[in-house]
Amino acid sequence: QAIFITEHGKNYFLKLFPQYYNKYSISKLGVPERGDSKPSRDGIFRIVTCSNLLSVKRVDLLAKSLLLIDSIHIQWTHFGDGDNSSRASLLKISSGFSNNILFNFKGRVTNSEVMDYYKMNPVDLFCNVSLSEGLPVSIMEALSFGVPVYATDCGGVSELVNDENGKLLNLHLTPESLAIDFKKFYKHKYGDALIRENARKNWANNVNSNDNYRAFIGIINGL
């Protein structure tokens, strides 16, 4: 029996080993209920990212996109760190931000600190521009707080993100295209109650750990 956390993973094995189709099942990961996050009410566009500073995560690409925006007041908060070189590279890019961009570099913190941030601070958008993913817990966590998500279409991300709760970004996006997407979000979806409600519903119906882990136990007990 093979148990996958994404449809993407299951479909990959179906192509390689179709003869074992009846041995494949899905049991997605999940995150628990922790509360709601609120949107900004002061016109500042607050973006959160959460990842290690690895080349595959392309946090520098997001930073470069903000260099191209001078018409919106943005507060970008990043959780996660890397080696001295990757950190220095990111901080060098951010030093070129215009006065309308505030970069809040949190570095490596505990998961509970990230969750507390969602609960205690307004968050308008979670963004992930990674080249490769499985089923990102960071995206599940954002959705659980009702935060819309913009993320690149890789791995199982499309099973979490859609036009109703955010946007699937082209895997080969550029800083220029991402800057345009940020401007469009601010113009059309900033503070929108429906997209936040849809984010929360997606978590509840798809990656609520209380439901998913009970279902996983059921699969194991049935083997």
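Student: Leaving aside neighbours within four places in sequence, with which residues is Gly155 in contact?

Tutor: Contact here means heavy atoms within 4.5 Å, and by that test Gly155 touches His8, Glu133 and Gly134 once its neighbours within four places in sequence are set aside. This is a predicted model, in which local features need pLDDT of at least 70 and side-chain atom pairs count only at pLDDT 80 or more, while totals for chains, interfaces and linings use all residues. Residues are numbered from 1 along each chain as its sequence is written, and side-chain values use heavy atoms, with hydrogens and water left out.

Student: Where does Gly155 lie, and how many residues apart in sequence are Gly155 and Glu7?

Tutor: Gly155 sits in the loop between β7 and β8, where helices (H or I, at least four residues) and strands (E, at least two) are DSSP runs numbered from the N terminus. Between Gly155 and Glu7 there are 148 residues of sequence separation but 9.2 Å in space, C-alpha to C-alpha.

Student: Which residues of helix α6 are buried, and where do they fall, seen down its axis?

Tutor: An α-helix has 3.6 residues a turn, so residues three or four places apart point the same way. In α6 the buried residues (under 20% relative accessible area; exposed is over 50% and partly exposed in between, with a 1.4 Å probe and protein chains only) are Pro175, Leu178, Ala179, Asp181, Phe182 and Phe185. Seen down the axis of α6, they fall within an arc of 160° (taken over the directions from the helix axis to the C-beta atoms), so they line one face of the helix. Lys187 and His188 are the exposed residues on the face turned away from the buried side, whereas the cover over the buried residues includes β3 (45–50), α2 (59–66), β6 (125–128), β7 (149–152), β8 (166–169) and α7 (193–206).

Student: What length does α6 reach from its first C-alpha to its last?

Tutor: Helix α6, residues 175–188, has 14 residues and reaches 20 Å, close to the 20 Å expected at 1.5 Å a residue, the expectation being 1.5 Å times one less than the number of residues.

Student: How many salt bridges are there, and which parts does the pair of Asp36 and Arg200 tie together?

Tutor: Side chains of opposite charge can pair when their charged atoms come close. With a salt bridge taken as a side-chain nitrogen of Lys or Arg within 4 Å of a carboxyl oxygen of Asp or Glu, the count comes to nine. Asp36 and Arg200 form one of them, their closest N and O atoms being 3.5 Å apart; Asp36 lies in the loop between β2 (24–26) and β3 and Arg200 in helix α7, so the pair ties together parts that are 164 residues apart in sequence. Asp36 is partly exposed, at 40% relative accessibility.

Student: How many residues apart in helix α7 are Lys201 and Glu197?

Tutor: Lys201 and Glu197, whose side chains meet in a salt bridge at 3.0 Å, N to O, are four residues apart in helix α7 and therefore separated by about one helical turn. Both are partly exposed, Lys201 at 42% and Glu197 at 38%. Salt bridges that share partners also join Glu33, Asp36 and Arg200 into one network.

Student: Is Asp81, which meets Arg87 in a salt bridge, buried or exposed?

Tutor: Asp81 is buried, with a relative accessible area of 12%, while Arg87 is partly exposed at 23%; their N-to-O distance is 2.9 Å.
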